[in-house]
Amino acid sequence: MTGFRALIMLIAIAALFLTFLPMLAITGLGDLNASNGYVPSPTAAPSGSPTAAASPAQGGNAVTISAHSIAFDKTSVTVPAGPVSITFDNADKGTMHNLHVFDGNSNSGKTEGKTSLKIGPNTQTLHLNLQKGTYYFQCDVHPDRMKGTITAK
Ligand SMILES: [Cu+2]
């Protein structure tokens, strides 16, 4: 008889457990959903980057020139003539660079535009309106090592 009572107790405990287990599971899922709720916020934050990527679209032509290890990643850039957004990405941590664009084939030409001298990592965008022709660019800190040509056509 005691064994039977124990069995009934066991079934009762099991039934209680089964009743509350889904609630625990739902609570657990609720927590998961809550943490998922946090995920869209960081996802929403990088959506600022797509906004930044969208802004060059307004200007028409966009190009990015990066600085790594005291060198530009591009030394020859071709863009359609007209408004152009040049994003200068200084990826050299702790090193100061800028992007300075001149008319013609050398740094003796008139300045078309330049970014501020900034220690990397730093990103700045130059908005230029280039006529067809050749433009010279350099970093004013490392003019011998960091230079290139932009062709607008
Ligand atoms: Cu430099």
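Begin by selecting strand β3, residues 82-90, together with β8: nine bridges join the two strands, which run antiparallel. At one end of this pairing, display G82; its bridge partner in β8 is L130. The model on the screen is a predicted one.

**The three-stranded sheet**

The three strands form an open sheet in the order β1-β3-β8, with mixed pairing. The edge strands are β1, residues 61-67, and β8, residues 122-130, each of which pairs on one side only. Neighbouring strands in this sheet are turned against each other by 20° on average, direction ignored. In general, the strands of a sheet pair through backbone hydrogen bonds, in either a parallel or an antiparallel sense.

**The whole chain**

Return now to a view of the entire protein chain. The chain contains three helices and 10 strands. Followed along the sequence, the pattern is α-α-α-β-β-β-β-β-β-β-β-β-β. Of the 153 residues in the protein chain, 16% are buried. Among contacts between residues at least 6 apart in sequence, 57% join residues at least 24 apart.

Colour the chain by pLDDT before going further. The average is 77, and 61% of the residues score at least 70. Then select residues 20-59, where pLDDT stays under 50 and the model has six contacts beyond four places in sequence. Where pLDDT is low, the predicted coordinates should not be read in detail.

**The five-stranded sheet**

The next selection is β2, β10, β9, β5 and β6. These five strands make an open sheet in the order β2-β10-β9-β5-β6, and the pairing is mixed. Which strands stand at the edges of this sheet? They are β2, residues 76-79, and β6, residues 111-114; each has a single partner strand, so one side of each is left without a neighbour in the sheet. From one strand to the next, the twist averages 20°.

Within this sheet, centre the view on β5. On the β6 side, three bridges connect β5 and β6, which run antiparallel; select H100 to find its bridge partner, K114, in β6. With β9, β5 pairs in the antiparallel sense over four bridges. Here F102 stands opposite Y136 in β9.

**The nonpolar core**

Now show side chains and select I86, L99, V101 and Y135. These residues have the most contacts inside the largest nonpolar core, which has 17 residues. The elements that give two or more residues to this core are β1, β3, β5 (100-103), β8 and β9 (133-138). Which of the elements gives the most to the core? It is β3, with three residues.

Stay with Y135 for a moment and display its surroundings. Leaving aside neighbours within four places in sequence, Y135 is in contact with V101, F102, D103, E112, L130, T149, I150 and A152.

**The loop between β7 and β8**

Move to G120, which is found in the loop between β7, residues 118-119, and β8. P121 lies in the loop between β7 and β8 as well. Select both residues and inspect the bond that links them: a cis peptide bond joins G120 and P121, with omega of about 0°.

Is G120 buried, exposed or partly exposed? It is partly exposed, because 17 other C-beta atoms lie within 10 Å, whereas a residue counts as buried at 20 or more and as exposed at 12 or fewer. Not counting residues up to four places away in sequence, G120 touches A67, N90, A91, D92, K93, G94, T95 and H97. For a distance to check in the viewer, take G120 and D89: they are 31 residues apart in sequence, and their C-alpha atoms are 8.3 Å apart in space.

**The loop between β1 and β2**

The last stop is a pair of residues, S69 and I70. S69 lies in the loop between β1 and β2, and I70 is found in the loop between β1 and β2 too. S69 has a positive phi of about 50° although it is not a glycine. For I70, also not a glycine, phi is positive at about 55°.

How exposed is each residue? S69 is exposed, with 9 other C-beta atoms within 10 Å. I70 counts as partly exposed, because it has 13 C-beta neighbours inside 10 Å.

Conventions
Residues are numbered from 1 along each chain as its sequence is written. This is a predicted model: local features need pLDDT of at least 70, side-chain atom pairs count only at pLDDT 80 or more; totals for chains, interfaces and linings use all residues. Two strands pair if DSSP finds at least two bridges between them. Axes are lines fitted to C-alpha atoms, for helices over the stretch in contact, and angles run from 0 to 180 degrees between N-to-C directions. A nonpolar core is a set of buried Ala, Val, Leu, Ile, Met, Phe, Trp, Tyr and Cys residues joined through C-beta atoms within 7 Å. Two residues are in contact if their C-beta atoms, placed from the backbone, lie within 7 Å. pLDDT is the predictor's confidence in each residue, from 0 to 100.
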